[in-house]
Amino acid sequence: MEVIGVIPARYSSTRFEGKVLADILGKPMIQHVWERAKQAKTLDDLIIACDDERVANVAREFGSKVVMTSKGHASGTDRIIEIVNPLDVKIVINIQADEPLIHPMMIDSVARALSEDSSLSMATIMRKIEDPLSINDPHVVKVVVDKNNFALYFSRAAIPHLAVNSEVESPAYYKHIGLYGYTKDFLFICKNLPPSALEKTECLEQLRVLEEGFRIKVIETKYDTVGVDTPQDLEKLKEYLLKQK
């Protein structure tokens, strides 16, 4: 098996318990994510990894393959590792359960980047920011990359910073979209990396990878997502979807 997609779906959430089962226009959020991920052409298998029977039962009802995991995992990455450990697979795609607008092309672009370039061990997604209000929004994570689209830094702050005497009038800002792809081997390396100073400062787990000297390929997409962290986010998403009809 070349590529597997895993959707870690935890029922408990500090800010919004049970959000993966929250109704969005007649379907639970996790179903929206799964249906979009199923459209990706590169996935040889797609699994919902959960630790609660309420999530598992709903997922089975709409046809998903489900694997129960330990309740003791500190992160979705740990949950994924439990799933893929016994599997013969090369590439693992971590698909967030609270990104109901994830586009299948995002999944395919990450999977293909890792499949086609054996020097890569981890990849993720960015999109150019069009809404000026998002630039200084700490809930929108920004990323800056080098000339080869490898991440230089991720931050909740507005990066790059526009200096007063800058020759640039309007720099480009990029939103980081939390879809990750890893080689299976590198996933296990990530598991053993200690939490880093910058990670603790920004509360961004991907920074520990950069601080340890590893590279993250960042692929630009034209598609956007709307993450759901709070009940208020859910209502905004519903309004957005109704306008699209």
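**Note on the predicted model**

1. The mean positions of the 31 positive and 36 negative charges of the protein lie 2 Å apart. Lys and Arg count as positive and Asp and Glu as negative, while His and the chain ends are not counted; each charge is placed at NZ of Lys, CZ of Arg, CG of Asp or CD of Glu.

2. This is a predicted model, in which local features need pLDDT of at least 70 and side-chain atom pairs count only at pLDDT 80 or more, whereas totals for chains, interfaces and linings use all residues. Residues are numbered from 1 along each chain as its sequence is written, and side-chain values use heavy atoms, with hydrogens and water left out.

3. The protein comprises nine helices and eleven strands (DSSP runs numbered from the N terminus: helices are H or I, at least four residues; strands are E, at least two). The radius of gyration, taken over C-alpha atoms, is 18 Å, close to the 18 Å that the globule rule gives for 245 residues, so the protein is as compact as a globular protein of that length. That rule is 2.2 Å times the number of residues to the power 0.38. The C-alpha trace spans about 60 × 40 × 35 Å along its principal axes.

4. Of the 245 residues, 51% count as buried (under 20% relative accessible area; exposed is over 50%, partly exposed in between; 1.4 Å probe, protein chains only). Among contacts (heavy atoms within 4.5 Å) with a separation of 6 or more, 66% join residues 24 or more positions apart.

5. Pro 231 belongs to helix 9 (residues 231-244) and is partly exposed, with a relative accessible area of 35%. Pro 231 and Ser 134 are 97 residues apart in sequence and 19 Å apart in space, C-alpha to C-alpha.
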